[in-house]
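Morning, everyone. Please look at the model on the screen while I talk you through it.

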Amino acid sequence: MHPALPERGQGTIQALKDGVNSPFSRCSLPTKLLRQKFKPTHECGVFAIFGHPEAANITYYGLFALQHRGQESAGIVSAKGTESPFTVHKGMGLVSQVFSPDSLERLSGTRAIGHVRYSTTGSSTIKNAQPFVVDTGRGQIALGHNGNLVNAAQLREELEAKGSIFQTTVDSEIILHLLAQPRGSGGVLSALRRIEGAFSIVLMGEREILGFRDPHGFRPLCIGRKDGAYVLSSESCALDLIQAEYVREVEPGEVVIIDNSGIRSEWPFPSTRKAFCIFEYVYFARPDSTIAGINVSKARVEMGRELARQHPVDADLVIPVPDSGVYAALGYSEELAIPYFPAFVRNHYIGRTFIQPTQRIRDFNVRVKLNLILDAVKGKRVVVVDDSIVRGTTARSRVVTLREAGAKEVHMRISCPPHKFACYYGIDFPDPDKLLANQCTLDEIRNYLGADSIGYLDLKGMIAATGRPASTYCTACFSGDYPVPYDAAFDKFIMEKRLGRIRLLEKEQARLL
Ligand code: SF4
């Protein structure tokens, strides 16, 4: 038992619940903050198909497979032949809630793009739901974006100064305005050269569909083939669902153009260092997806194996935290020959829990998502394998639950390094001063969680588990090594705040006049 904990029994559990032994004072994390639960949130999925009579229906199923990348809103834009008007259907909620047989029937046509959204910039409202559609001098354009632009505020200011009127507070709309510039100001490719940061984008024009990735390749995008039609998808799991053949990745910096004459590529960006988000392998991507030739579940099993080699422990049971801890736990269990048992059972049918819990029912919010098979852990020394600790509140709740169930020892193992830095490339982490590992030492984290031991996979081990060189990855949230300079003042509501400031200035000006 960890020496800092009080005697085992109700006192221990109560101490954990009350924050006794917490390193808050040393870590300067306010207790209120640490009571908030947090998991990093997914950051949008995109899908497109060209040249299929059931384009919208296939896109609908593609979005189902990408639902894990965004649950706030979903949308599809479709078109029949060349130069026919676009049909749009968007709504707030899950794919199954947004579309109906009627809405899908209205989305007839042979080409379509789709989007599922989690808001990494701009608030979660229907006006920010994608794909966006605009009428331009080049005809209609629809766009779906995964990622974050790091020069969004600067570009928006510039465009507004030239008379652009924005409808939303999302950075993705900036790309549309750049594309809508008069023809004399350069083509689509020169517009794309102006944007910086993370972007995997599908774009539909009057005759074609485009798919492109930023030159660093932060976010995934792959190409498939279905009944002779070309498909683009954030992840290959969507290709499996629609029984499309996987063709290849869209390469970082590549623009693929799909039209009646087939598929071709352009390379408008200067070559630069690659920076695929390694956290896609750890947590975001679906385990049945293959990215850059590496199956995500396989990478996670390898991470678990390496974690076991780096932080072995003598225990009776390895327990995964579902869902993304499952494969790492499997690897950990195999490597040390400790039995694996999925003792946490996930409830798959909950949406959002909306009750602000009182002290008395605080634990219900945690238990409604994951319940523990009590008999499996009673009297056992257990290793809990999770994919990350952000604020630490969820991990702490797991330890409390296990101790309440009578686990003899609880050892936490994490299949990536400590999260110490913010992400400016499309993942919604809290500010660094709200990240547990940024504020606390390893020993303080262990003490706060109430665990007997803690072990994180190190950076080298995480990268090695994927089988690709370190030079191909972004690891900024672990290492602080940012591949693209970012706006330090960035937060997801930057556009709203900008608008707020402008309105205040306008009011002030009006008052003075
Ligand atoms: S900072 Fe982290 S989460 Fe963001 S892109 Fe880089 S590795 Fe991914």
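Let me start with contacts: two residues are in contact if their C-beta atoms, placed from the backbone, lie within 7 Å. Among contacts in the protein chain between residues at least 6 apart in sequence, 73% join residues at least 24 apart.

A word on what you see. This is a predicted model; local features need pLDDT of at least 70, side-chain atom pairs count only at pLDDT 80 or more, and totals for chains, interfaces and linings use all residues. Residues are numbered from 1 along each chain as its sequence is written.

Now the overview. The protein chain has 21 helices and 23 strands. Helices (H or I, at least four residues) and strands (E, at least two) are DSSP runs, numbered from the N terminus. Of the 513 residues, 49% count as buried. Buried means 20 or more other C-beta atoms within 10 Å of a residue's own; exposed means 12 or fewer, and partly exposed is in between, with C-beta atoms placed from the backbone.

On to the sheets. Two strands pair if DSSP finds at least two bridges between them. For angles, axes are lines fitted to C-alpha atoms, for helices over the stretch in contact, and values run from 0 to 180 degrees between N-to-C directions.

Look inside this sheet. Strand 1 (residues 45–50) and strand 10 (residues 229–233) pair in the antiparallel sense over four bridges. Ala 48 has Leu 232 of strand 10 as its bridge partner.

The order is 17-20-21-22, and the pairing is parallel. Strand 17 (317–320) and strand 22 (453–456) are the edge strands. Strand 21 (residues 409–414) pairs with strand 22 over four bridges. There, Met 412 stands opposite Ile 454. Helix 16 (residues 393–404) packs on the sheet, touching strand 20 (381–386) and strand 21; its direction makes about 155° with that of strand 21.

Which residues are around the ligand? They are Phe 218, Cys 277, Ile 278, Phe 279, Cys 423, Tyr 425, Ile 427, Cys 474, Thr 475, Ala 476 and Cys 477. A residue is near a molecule if its C-beta atom, placed from the backbone, lies within 6 Å of it. This shell has ten nonpolar residues, one polar and no charged. Ala, Val, Leu, Ile, Met, Phe, Trp, Tyr, Cys and Pro count as nonpolar, Asp, Glu, Lys and Arg as charged, and the others, Gly among them, as polar.

Last, some backbone details. Most residues other than glycine have a negative phi, and most peptide bonds are trans. The bond from Gln 130 to Pro 131 is cis, with omega near 5°. The bond from Pro 322 to Asp 323 is also cis, with omega near 0°. Gln 243 has a positive phi of about 55° although it is not a glycine. Is Gln 243 buried or exposed? Gln 243 is exposed, with 11 other C-beta atoms within 10 Å.
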